[in-house]
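Q: Let's go through this one piece by piece. I'll ask, you answer.

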Amino acid sequence: MATDSMEIDDSLYSRQRYVLGDSAMHQMAQSSVFLSGMGGMGVEIAKNIVLAGVKAVTLHDTKQCETWDLGSNFFIRKEDVLSQRRRVEAVCPHVAELNPYVHVDMSFSALDDNTDLGFLRRYQCVILTEARLSLQKRVNEFCHSQQPPIRFISCDVYGICARVFCDFGEEFEVFDPTGEEPKEVFIQSITQDNPGMVTCMDNQPHGLQTGQSVVFREVGGMVELNGTSRQVSVLSSHSFAIGDTSQLQPYTHGGFFVMVKTPKMYRFETLERQLCEPRVLTPDFSKPEAPLQIHAGMLALDTFQEQHSRLPNTGCLQDAEVLLKLTEEVNAALKSKASVNTELVRCLSRTARGALPPLAAAVGGLASQEVLKAITGKFAPLQQWFYLDAIEVVKPLQPLSAEEFSPRGDRYDGLRACIGDSLCLQLHKLRVFMVGCGAIGCEMLKNFALLGIGLAKSSGEVCITDPDLIEKSNLNRQFLFRPHHIQKPKSTTAAEATHDINPDLQVEAHLNKVCPATENIYNDSFYSSLNIVVTALDNVEARRYVDSRCVSNQRPLLDSGTMGTKGHTEIIVPNLTESYNSHRDPPEEEIPFCTLKSFPSVIEHTIQWARDKFESAFVHKPSMYNSFWQTHSSAEVVLQRMQAGESLEGSFQVMKLLSRQPTQWEQCVAVARLKFEKYFKRKALQLLHSFPLDTRLKDGSLFWQSPKRPPTPLEFDLKDSLHFAFIVSTARLFAGIYNIPYSERDLSEEAITRILADVKIPEYRPSEKCIETDETARKPDQIKMPLSSEEERDAITHLEQAIATDRVTPERLRMSPLQFEKDDDSNGHMDFVASASSLRAIMYSIEPADRLKTKRIAGKIIPAIATATAAVAGLVALELIKVVGGFGFESHKNCFFNLAIPVVVLTEPAAVKQTLIRNNIYYTIWDCWTVFGHEDFTLSDFMNAVREKYGIEPTMVVHGVKMLYVPVMPGHSKRLKLTMHKLIKPSVDRRYVDLTVSFAPEADGDEDLPGPPVRYYFSPDGETP
């Protein structure tokens, strides 16, 4: 972010702006941060806050690079270890490279109990990692005592346990605790009472909490409420009380309310005071005592370090007992306490010297978000401790010998201390397929590199695929990419960057989508060569497809996703859990066609309308035009066929486009002016002609009442910047599709004024056409609609005139369809959508949206920030270790978090369901019955084979949408004698088909019973016949 001009570089920060907002972004760009400790946690935080765009970061560390660091710090290289560089010197240039707007410097001065802390006054936030508790307390006391206080955060990760502590001072004001966008909710009724009760239209949930305030707008009758703010008391999910309304005029109709965001004050205590009575966040409700148990264990570990000047030795039973005794002593002194968890303390002692990189990534993501909260006042801060353990990763490994965990002198020693050598070797051999190399993909690859997943020397491999090229907006969170990578493929670039972190990794990069069209590449033999599949996708449809392939091929799938500060992870393991497709989110509510066309009520409607106009005029129509002339190359032949009465699909629309085709810039401007007249004046006049303001419905209520808004016709005014923007952007887009050149001078106000002076606006005459008001009505398909005889005559006339005037040239029979590109401000696409949406909003008295919000809605942009992507990737990589280790169901965790609130919820995955067919015959989603056939194998043979092998009689056999055998269908009984080959007609290389088979019910009259898919192989050995 350019701090001097305070302009936000939208091309870099656009996705993050939607998460934090401009006020917080400006605040960050003026803030300096001190970060001590360049271990696994420290480098994660450094990465995330520099990507976010603070003003300056000082990285502090006093240690030298060791081989050990290669397994936890992704910015330290082998040559740094060999040349014995300081860690901070190795890391600093890599961190600085992440964001040109952030000043990154370093310090390796001693920071201890004797250091003068005055230098910290120039920072707004101080973060300590890898610091002794005594130093944390001293620095915290100093920060807390300053005016204003310096925000203080300390983070530690020792083996399987991690903690974060926050102290933002006695009083810390947050201007937006949740970050949720206030919704406009329409009102059904307001009672004239004490207290008055507000009911939402259509029982819509209001999402309010008692004590919050709302402001009212456009209320009919009880007009005194308009513009006022009232505190609410919630009565139900769709009603609330607002105090005394008994003296106000009675409510008649309409209106809506919006929640008012009110700042909230948070109070923090110092670390010293919080030690005995900690306020903790509970992430896993299946073990609610865990945070306090880890609190005691980690405080005991601090004491162990103070006493012994070292951490417990890996696998040393004596050290484990000392730590256990210390934990019991610490726990006895705590005011808030839980019983000592002996198993947890022993695991902590054994792994304390070790490092689990994914745990540092997950907790580092959360800690980084707290840094951003500290300097911006955006989102509710953590109060005041967060603890997370990964005991499920090491619990099953306890019986292993101490030798398993001892160091070997390589980069994996830290990991080995936690999970043992055998599991490390399994990770090295792993064959992983990751779909997507965006933000989550980059973070996952970093975790793979640190964990040593897919090493060439162990015959392992990480195969990645992504068809996208790198754009500037990706650089804000896809941290493997740099400015010089823009317009290069994500997958190959990410593969090279991963190789830099760990040169032993075998990464194969593809540029393919994973979809039915690429099943020849990602076929069954491809999936059968894999151990695990990871998705790093941004859409549900692709996830569903990959999930179906994993279920079909019995492969584990690790899925995750983020939206702003929210994230989820889902673990799918064959025969243990349900799959992604086992649950379906409700489909997104579509905006009714009539609402978009004639009755918008909120800004989302006008933005979608503008986006649809762009798609129709500049994408769909030019594509249809080109398609028509590619099918019918001769205009004369088309004319003959039309004159002969033949109906050609799309002919009317195509001839209309041909007859109105502009050939010079001036005509494009004229078309734009006529579009303004049509969209923003005539549309309003026509609606008010069809439905005058006093129109009433059959029940006597007004037609024009909330949520319907009557339109006001707009008078064109070139001096209005919005009107001018619409004309210029529309003219440019028409020039684009018709391949008409124009210069920069043609876009000037002077040139446009001169052209418009000659444009004649035809007189408006209202029509008597029917306007759709039914919200369930769908948009008609213009091309498929039958033509009237008048339209057919018009099409013939248009074509005759075009041929007669020599306008049917190859150039004029080709248009250039556009592709909506939201991130290129020079192309005029967003100019058109933003101006058209705002003009329509003004016409309907809707508050227009700024360009940023319009771009997000029109471009369906998913808000994104590096903190959340780092956290989900870390959580997924922890689950990956469990899957590779073959751990049981109870070890696995799904997660949902919202770093804004903050809330982290870990839950067990959904256990696989068993479905009863009958007679104790069950199946699950993972089951696939098999039948092996041969060339002469008949449908009757198939039915018998199923009955003999699985003990149940098939009644119906379906292949895809084709019914192979349904007894009630005429002629189907004859099919029993036909061969499966003849019925299915497989392609030459097809080995099998999956058939849907139903079974006879126990009682007559009941429905047929479903079963698992039956995989029919065309040959006895299952190979290609």
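Backbone, strands and charges

Q: Where does Asn-739 lie?
A: Asn-739 sits in the loop between H23 and helix H24 (749–756). Helices (H or I, at least four residues) and strands (E, at least two) are DSSP runs, numbered from the N terminus.

Q: What kind of model is this?
A: It is a predicted model, in which local features need pLDDT of at least 70 and side-chain atom pairs count only at pLDDT 80 or more, while totals for chains, interfaces and linings use all residues. Residues are numbered from 1 along each chain as its sequence is written, and side-chain values use heavy atoms, with hydrogens and water left out.

Q: Back to Asn-739, what is its phi?
A: Asn-739 has a positive phi of about 55°, although it is not a glycine.

Q: What about Gln-84?
A: Gln-84 is not a glycine, yet its phi is positive, about 50°. Gln-84 belongs to the loop between helix H3 (78–82) and helix H4 (87–97), and it is exposed, with a relative accessible area of 53%.

Q: Which residues does a cis peptide bond join?
A: Gln-147 and Pro-148 are joined by one, with omega about -10°. Pro-148 is in the loop between helix H5 (133–145) and E5. A cis bond also joins Ser-706 and Pro-707, with omega about 5°, and Pro-707 is in the loop between H22 and helix H23 (721–737).

Q: Switching to strands. How many residues of E6 are buried?
A: Seven of the seven residues of strand E6 (residues 161–167) are buried, so the strand is largely enclosed by the rest of the structure.

Q: Which residues are on each side of E6?
A: Cys-161, Arg-163, Phe-165 and Asp-167 are on one side, and Ala-162, Val-164 and Cys-166 are on the other; all are buried, so both faces are covered. In a regular strand the side chains alternate between the two faces of the sheet.

Q: What does E6 pair with?
A: Strand E5 (residues 151–158) pairs with E6 in the antiparallel sense over seven bridges; two strands pair if DSSP finds at least two bridges between them. Phe-152 has Asp-167 in E6 as its bridge partner. The hairpin of E5 and E6 has two residues between the strands, and Gly-159 takes a positive phi near 60° there. E6 is also joined to strand E17 (residues 385–389) by five bridges, again antiparallel, and Cys-161 has Asp-389 in E17 as its bridge partner.

Q: How many salt bridges are there?
A: The count comes to 55, a salt bridge being a side-chain nitrogen of Lys or Arg within 4 Å of a carboxyl oxygen of Asp or Glu.

Q: How far apart are the closest N and O atoms of Lys-395 and Glu-343?
A: They are 3.9 Å apart in that salt bridge. Lys-395 lies in the loop between helix H11 (391–394) and helix H12 (413–419) and Glu-343 in helix H9 (residues 342–351), so the pair ties together parts that are 52 residues apart in sequence.

Q: And Asp-831 with Arg-851?
A: Their closest N and O atoms are 2.8 Å apart. The pair links distant parts of the chain, with Asp-831 in helix H26 (residues 829–843) and Arg-851 in helix H27 (residues 851–858), 20 residues apart.

Q: Last topic, the surface. Which residues make the nonpolar patch?
A: Met-963, Val-968 and Met-969 make a nonpolar surface patch of about 300 Å². Patches are made of residues with over 30% relative accessible area and no salt bridge, with like charges joined within 9 Å and nonpolar side chains (Val, Leu, Ile, Met, Phe, Trp, Tyr) within 5 Å. Accessible areas come from the Shrake-Rupley method with a 1.4 Å probe; for residues, only the protein chains shown count as cover. Met-969 is in the loop between strand E30 (962–965) and helix H30 (980–984), partly exposed at 36%.

Note on methods: Buried < 20%, exposed > 50% of the residue type's maximum accessible area, 1.4 Å probe, protein only.
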